[in-house]
Structure formats: structure tokens, C-alpha cells
Amino acid sequence: MAAGEELTLSSHIQHHLTNAKMCTVDGSVVFNKACSEAGFWTWHIDTLAWSIGLGLVFLWIFRSAASKATTGVPGKFQCFIEMVVEFVAANVKDTFHGKSALIAPLALTIFVWVFLMNLMDLIPVDFLPAFAGFVGEQAFGMDSHDVYMKIVPTTDINMTAALAIGVFLLMIGYSVRIKGVTGFIKELTLHPFSSSNVAVQVLLIPFNLLLETIALVAKPFSLALRLFGNLYAGELIFILIGAVGLIQLPLHFIWAVFHILVIVLQAFVFMMLTIVYLSMASSDNH
């Protein structure tokens with residue numbers, strides 16, 4: 001019995017940690033277990049659907065606030081949106097030392113979008129996956145155990161890595177725009193070690209390039225892994241709580257109250273690190 005219970009708990013956890021997959025095998029579109037041999041070109045359709053959907057929710061909320069904005073006494077909704085915008089704008093002003101009209105809207109988008117994706121972690125872990133299994137079983141004749149749905153996009157390393165890669169490309173773009181291609185190459189090859197002797201400086205170039213490349217690449221890695229690790233750990237605890245049965249809701253509530261801090265903090269940290277990295281890239285001084 002103990003072994004059976006362990007197997008049930010293990011399969012419960014594994015099911016909740018598995019993304020819904022879509023891929024192409026021999027010219028045919030297949031899903032989930034059939035994608036085990038597809039390799040890199042496998043789409044996590046639940047991550048894509050929820051992240052895009054929440055991005056549209058973000059656009060709708062702020063579009064609605066902008067269209068209903070009034071110069072008179074603002075309502076509670078407008079006040080809340082203005083507080084969020086002013087909070088982000090203040091952090092950008094204090095942290096970003098270059099000049100760019102893109103940074104403030106980018107920071108706002110990152111903060112709210114990542115927050116909304118993190119917020120999905122507060123939904124009881126069995127609710128939407130069980131509903132998806134029910135729909136798959138009733139509408140498509142599928143075994144409910146073969147229907148997967150992860151509703152927290154930031155618990156998928158592919159999502160956090162994609163966000164980090166986007167920031168990384170912006171870092172490169174800002175560096176080249178401010179310093180030029182030559183200046184960017186000099187930054188990678190002539191620092192941190194330098195010498196007035198030309199021959200010595202040439203010898204130092206490989207060491208400088210190695211160190212600066214590691215420092216540059218470490219930034220998107222830190223962004224992706226920090227967000228993923230914190231949210232994945234929180235989701236795992238929710239899954240373990242969900243395995244206890246009917247008493248999961250009180251335990252879920254207790255953990256969710258604490259996890260709210262993690263949700264907000266990780267969105268804020270991702271935004272702030274993005275601003276800091278882009279400010280460093282925009283600086284003309286090493």
C-alpha cells in the first residue's frame with residue numbers, strides 16, 4: 001500500500017509539472033506523449049496560451065484605464081493604474097541614467113505582465129487542470145490523465161528564458177547604439193585589464209574577452225533562473241498541498257498569503273534588473 005501511495009503521489013506531482021505539448025512528427029501534428037522524440041521543436045501550448053492571454057489582459061486593462069481617464073476626480077480604478085504607472089516611472093527615473101523613450105513602457109510591461117503570470121499560482125492547483133481533463137474527456141474522448149495544463153507560464157524555463165533573451169538582445173542593441181560597434185568591441189576586449197604597452201594589451205585581449213563575455217551572458221541567465229526557480233518552488237509546494245485531499249484549501253490559503261510576497265517581489269526584481277542592465281548597456285563609461 002505504501003508503495004502504491006508513493007506511486008500515486010509521484011504521478012500526481014509529475015502530471016502537474018508536465019506541460020501540454022504540440023509538435024510535428026513525420027509531417028503530422030501530434031500532442032503530449034507523442035512529442036517525446038520531437039526534441040527541441042516542441043511547443044508548450046499551455047505556456048504560450050496563458051502568457052499571450054495574460055498579455056492581452058494587461059493591454060485591455062491599461063487601454064481601458066487610458067480611455068476612461070479623466071482630468072477631474074479619478075475613480076478607484078484610475079487611481080490604482082496611475083499608482084502603478086507612477087511607481088514604475090519613479091524607479092526608472094532613479095535607476096536608468098540614459099535617455100530612451102522605450103525604457104518606462106518596457107518596465108511597466110515587464111512588471112505587470114510578469115506579475116499577472118505569477119498571480120496564476122494562487123489559483124488552486126487542481127482546479128483548471130481538472131477542468132481541462134474533464135473537457136478533454138467529454139468533448140474529445142481523451143483519457144483525462146493524458147490532458148496536461150500548467151497555468152503559470154513563469155514556472156516554465158522556456159518562458160523565463162525567452163523573456164531574458166529579449167532583455168539580452170535589448171542590452172546588445174543599446175550598447176551598440178550608444179557606443180557603436182567599435183566601442184562595444186573595445187568594451188569586450190580592452191577591459192577590465194588594460195596596459196599602456198600595446199603588446200601587453202594584445203596579450204590581455206583573450207582574457208578580457210572571456211571575462212566580459214561571461215559577465216554579459218550571466219545577466220540573462222540570472223534573470224531567467226531567478227524567476228523560474230522561485231516560481232517553480234512555490235508551485236511545487238502548492239502541488240504537494242493539493243495532494244492532501246479535501247483539507248488542501250486552508251493550507252493553500254496559508255501558503256498563498258505568504259506567496260503573494262514572492263509573486264510581487266519577483267515581478268519587481270525582474271523589472272529592476274532589466275532597468276539596471278539596460279542602464280549599464282547605455283552608459284558610455286565602463
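**Figure 1. The disulfide of the predicted model.** A search of the whole structure finds 1 disulfide, a term that denotes a pair of cysteine sulfur atoms within 2.5 Å. The bond joins cysteine 23 to cysteine 35, with their sulfur atoms 2.2 Å apart. The pair links distant parts of the chain, 12 residues apart: cysteine 23 lies in strand β1 (residues 21–25), and cysteine 35 lies in the loop between β2 (28–31) and β3. Helices (H or I, at least four residues) and strands (E, at least two) are DSSP runs, numbered from the N terminus. Because the torsion about the S-S bond of cysteine 23 and cysteine 35 is about -105°, the disulfide is left-handed. The model is predicted: local features need pLDDT of at least 70 and side-chain atom pairs count only at pLDDT 80 or more, while totals for chains, interfaces and linings use all residues. Residues are numbered from 1 along each chain as its sequence is written, and side-chain values use heavy atoms, with hydrogens and water left out.

Figure 2. Buried means under 20% relative accessible area, exposed over 50%, and partly exposed in between (1.4 Å probe, protein chains only). Cysteine 23 has a relative accessibility of 3% and therefore counts as buried. Cysteine 35, with a relative accessible area of 5%, is buried. Cysteine 79 has 31% relative accessibility, so this residue counts as partly exposed.

Figure 3. The volume of the largest pocket is about 400 Å³. On a 1 Å grid over the protein atoms alone, a pocket is an open set of points where a 1.4 Å probe fits, with protein on both sides within 12 Å along at least five of seven lines; lining residues have an atom within 4 Å of a point. Grid points are joined across faces, edges and corners, and the volume is the space filled by probe spheres set on the points. The lining of the largest pocket comprises 16 residues, of which Phe40, Thr42, Trp43, His44 and Asn158 are the closest to its centre. At least two lining residues come from each of β3 (42–44), α2 (45–68) and α6 (157–189). The most is given by α2, with 4 residues.

**Figure 4. The chain around these sites.** The secondary structure of the protein chain comes to 8 helices and 3 strands. Along the sequence, these elements follow the pattern α-β-β-β-α-α-α-α-α-α-α. The C-alpha trace spans about 75 × 60 × 40 Å along its principal axes. Of the 286 residues of the protein chain, 38% count as buried.
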